[in-house]
Number of protein chains: 2
Amino acid sequence: MRFELTKDILDDIREYISTGNDSKLEAFLSDLHHADIEELIDELKLNEAIYLFKLLSEQKKADVLVELEDDVREKLLESMTSKEIADIVEDKIDSDDAADLFSSLSSDKKSEVISLLKDEEQVSDIVDLLTYDEDTAGGIMAKELIKVSKNLTIKTAFRQIRKQALDMDKVYSVYVVDGDDKLIGTLSLRKLLVFSKDPTIRIEEIYSKEDLLTALVDEDVETIALRMQKYDLVVLPVVDAEGVLLGRITIDDVVDIITEEAEKDYQMLSGLSEDIESTDKITVQLRGRLPWILIGMFGGVLSSQVIGQYQEQLQLIPAMALFIPLITATGGNVGVQSSAIVVQGLANNTMKLNNLKDKLFKELGVGVINGFICSLILFGYSFFSGQEYALAYTVSTALFIVIIFSSLFGTFFPLLLNHLKFDPAHATGPFITTSNDVLGLFIYFMVGHIMYTL
Amino acid sequence: MRFELTKDILDDIREYISTGNDSKLEAFLSDLHHADIEELIDELKLNEAIYLFKLLSEQKKADVLVELEDDVREKLLESMTSKEIADIVEDKIDSDDAADLFSSLSSDKKSEVISLLKDEEQVSDIVDLLTYDEDTAGGIMAKELIKVSKNLTIKTAFRQIRKQALDMDKVYSVYVVDGDDKLIGTLSLRKLLVFSKDPTIRIEEIYSKEDLLTALVDEDVETIALRMQKYDLVVLPVVDAEGVLLGRITIDDVVDIITEEAEKDYQMLSGLSEDIESTDKITVQLRGRLPWILIGMFGGVLSSQVIGQYQEQLQLIPAMALFIPLITATGGNVGVQSSAIVVQGLANNTMKLNNLKDKLFKELGVGVINGFICSLILFGYSFFSGQEYALAYTVSTALFIVIIFSSLFGTFFPLLLNHLKFDPAHATGPFITTSNDVLGLFIYFMVGHIMYTL
């Protein structure tokens, strides 16, 4: 079963919706995975989406709602009564997904839906989860999990596990707790299967306490994503400060976080202020793109003022204009490299072993060598291409200094932002290239001024 | 258990190694997760790493080897005899990891190690896996899995599952096959637990054939990563063209692929040709950084020739030099935005619904509006800042055209690369900014030429 949404399929679906051909639609939808339905709904207009959604089974409605993008989900939910929402949520959605879904509801509708839910355990799980910040472990954990007390025999434990498994979508791990509900270890499904022929053995004899990794309930989701990735975890238990087991985080949620973080950094580097896709409407694209172009343009205006300051010099040595793009482009390229290395190092946690001095010192080394090689080549080129000696000197000296400054600035600035608790990714992209343009021109004309007045 | 490698710990370890304080080292290592040991080894010099590695238990050695970066692993393996390697591999490593490890060995050593392995099934699994291309499903799948025939009763199936589980690190899913070993469905662990009290029920009565997702053995790993992410899968079975079950891919391997792909695109966009970290040696950094700076510099030289062509015009209207950086920077920013949107769209598979004409048409729309707003602002600025009328006209008209061209070029070029089966990410970063510099200057001076000769 491998579905690919094509323009033809989309056109057919639209046709069926507009003509009210429900039987064709239902036949088509019944074969489809909920992730595919979600993809399809994302491409439809709101009224089409509402029409299609109503044709789904209750379970598929639940699954699709969980998958949908926030804005589409919000609009779909607005079109539904509290009773309809409660029917969908009732025992069909894991607590973490239900809490996500509730955060798309207005507070009135939220309490109405809660009052209509019959399963008290589900209600208390959801209400509990809604109290956590969505960027913390608590905000992405699910309450459904399988836990057994260390004192039980395999036989009793098996019975309990079976009962708990009924409530769950997927089972990855069995948690072992002590009398105070504190997490003390895990019982792998493998062990459970292997020891199931030994009914009287006690959990405490076979459970594993080694390599027990946990998340604290108020830990940041990015930290948790890195931890799950580093230790190759599929599921991570969440505990409070006392070690009491509260929930579990599964890798599928974390994969989405990893992808989102990477996309966000990529967008910052390319000068996009939100998640822009080529399928987005022009207005959405403008909102995410124009501000950055304007920032760059503002930098260009500053550059023009720098050059304006040296206009007399430029009239004396008009050939200096030739190398303006070379100086600004190289400064920009070098700065982007440096800042990108820092941002990536901060994101994947690989740069903690060096202190600031070490980092800047090493970057200085890289900058000096890069600068030396580049300015040597440029000196050769400008000299042999018939420029006068003084200009060849000026351009290559300026390039040398620009490369070093841009390297250091590109390294230092994201570290500074990070230190001040801002997202260091703001120091990449148009911002760094713009600052380096202005800085580079200053250096270029200052060097020129010195060379020609000597 | 949450370990963080600090400079102090690293210094201590180095001290213990140099003084041969094995008992301290062993005590330290015994508490450590293999992923932490891997992180530690990555920071040590080779001789230190070899020393430390020898102190590990066989199982930890196996786990650490699997985690290590390719280059470090290769060197560690070179320091070991075939017998030592065989002891580590023997029944301690999953087939996919063993195959990875074998690909770091010379072909002589590979056959020696294989001849020393006693477990024939393991040997045949590894040899089989070594035949697949590492960028395909076959190249990352593991052969260890749990499968049962649809004709079995729960009781018999349970016995078979227990036996198969003994060989496995983690158990996620039980696969159901027909008489020809063709995959026909899955039996979730949840169902297995729930029905375990019903020993005579047959697998075919309870297994699930819905939503059965598979990977073809020769499918590309990136396609598989997207599929597992879209469908929130933790494990995906791999089949051949006839549907015969061959192996399974787990999400932890896929998470690494997703991260690597994202990092590669990020590096392309920032002008880095390999995975550069700030902790890398200066020589490594130069290798990854200098080529891109030189490409940018070459573009700068081209730019200087474009300006050189129009030097007479520049002498007549020296103020045209003022806006050179504005034109090049804006062209670069716009081009990077456009190409980044395309590259991200291709990477996450969201842009397949529009054809080339639609995409370029929409980008034209965005470019025209962005260009109009920017050139209007720039016209106002340059006019009110006292520039002559003709220059204000020239600059704003040129900017308008540059923004439109850069948008279209930034959209078209990565699509072209992708169509020609090159990595579209090559069209981002220094390459696009450099081309747009040259293009932008041409447009700027041509517009200037027309304006002033009219």
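Predicted model: local features only at pLDDT ≥ 70, side-chain atom pairs only at ≥ 80, totals over all residues.

Visitor: How many helices and strands does chain A have?

Guide: Chain A contains 22 helices and six strands. Its radius of gyration is 30 Å, well over the 22 Å that the globule rule gives for 454 residues, so chain A is more spread out than a compact globule. Along the principal axes, its C-alpha atoms fill a box of roughly 90 × 65 × 40 Å.

Visitor: What share of the residues of chain A counts as buried?

Guide: Of its 454 residues, 56% count as buried. As for contacts in chain A with a separation of 6 or more, 67% of them come from residues 24 or more positions apart.

Visitor: What span should H19(A) have?

Guide: At 1.5 Å a residue, the 24 residues of H19(A) should span 34 Å, and its end C-alpha atoms are 34 Å apart, which agrees. H16(B), with 20 residues, reaches 28 Å from its first C-alpha to its last, close to the 28 Å expected.

Visitor: Is H19(A) mostly covered or mostly open? And what about H16(B)?

Guide: H19(A) is mostly covered, with 22 of its 24 residues buried. H16(B) is also mostly covered, with 14 of its 20 residues buried.

Visitor: Now some single residues. Where is A:Asn370, and what does it touch?

Guide: A:Asn370 is in helix H20 of chain A, residues 356–384. Its relative accessible area is 1%, under the 20% cut-off, so A:Asn370 is buried. Not counting residues up to four places away in sequence, A:Asn370 touches A:Ile403 as well as B:Leu286, B:Arg289, B:Leu290 and B:Ile293 of chain B.

Visitor: And B:Ser304, which residues does it touch?

Guide: B:Ser304, located in helix H17 of chain B, residues 282–309, touches A:Leu322, A:Phe323 and A:Tyr381, again leaving out residues up to four places away in sequence. B:Ser304 counts as buried at 5% relative accessibility.

Visitor: Where does B:Val171 sit?

Guide: B:Val171 is in the loop between helix H12 (154–165) and strand E2 (174–177) of chain B. At 5% relative accessibility, B:Val171 counts as buried. Leaving aside neighbours within four places in sequence, its contacts are A:Leu189, A:Arg190 and A:Leu193 in chain A, together with B:Ile146, B:Ala165 and B:Leu189 in chain B.

Visitor: What about A:Lys109: buried or exposed?

Guide: A:Lys109, in helix H9 of chain A (residues 107–116), has a relative accessible area of 18% and is buried. Beyond residues up to four places away in sequence, A:Lys109 touches A:Leu77, A:Glu78, A:Met80, A:Thr81, A:Ser82 and A:Ile85. A:Ser82 is 27 residues away from A:Lys109 along the chain, and their C-alpha atoms are separated by 6.4 Å.

Visitor: One last topic: what is phi at A:Asp211 and at A:Lys421?

Guide: Phi of A:Asp211 is near 50°, a positive value in a residue other than glycine. A:Asp211 lies in the loop between helix H14 (203–206) and strand E4 (215–216) of chain A, and is partly exposed at 35% relative accessible area. A:Lys421 is not a glycine either, and has a positive phi of about 70°. The place of A:Lys421 is the loop between helices H21 (389–419) and H22 (430–453) of chain A, where A:Lys421 is exposed, with a relative accessible area of 76%.

Key. Residues numbered from 1 in each chain as written. Chains lettered and ligands numbered in written order. Heavy atoms only, no water. Helix = DSSP H or I, 4+ residues; strand = E, 2+ residues; numbered from the N terminus. Expected span 1.5 Å × (residues − 1). Buried < 20%, exposed > 50% of the residue type's maximum accessible area, 1.4 Å probe, protein only. Rg over C-alpha atoms; globule rule 2.2 N^0.38 Å. Contact = heavy atoms within 4.5 Å.
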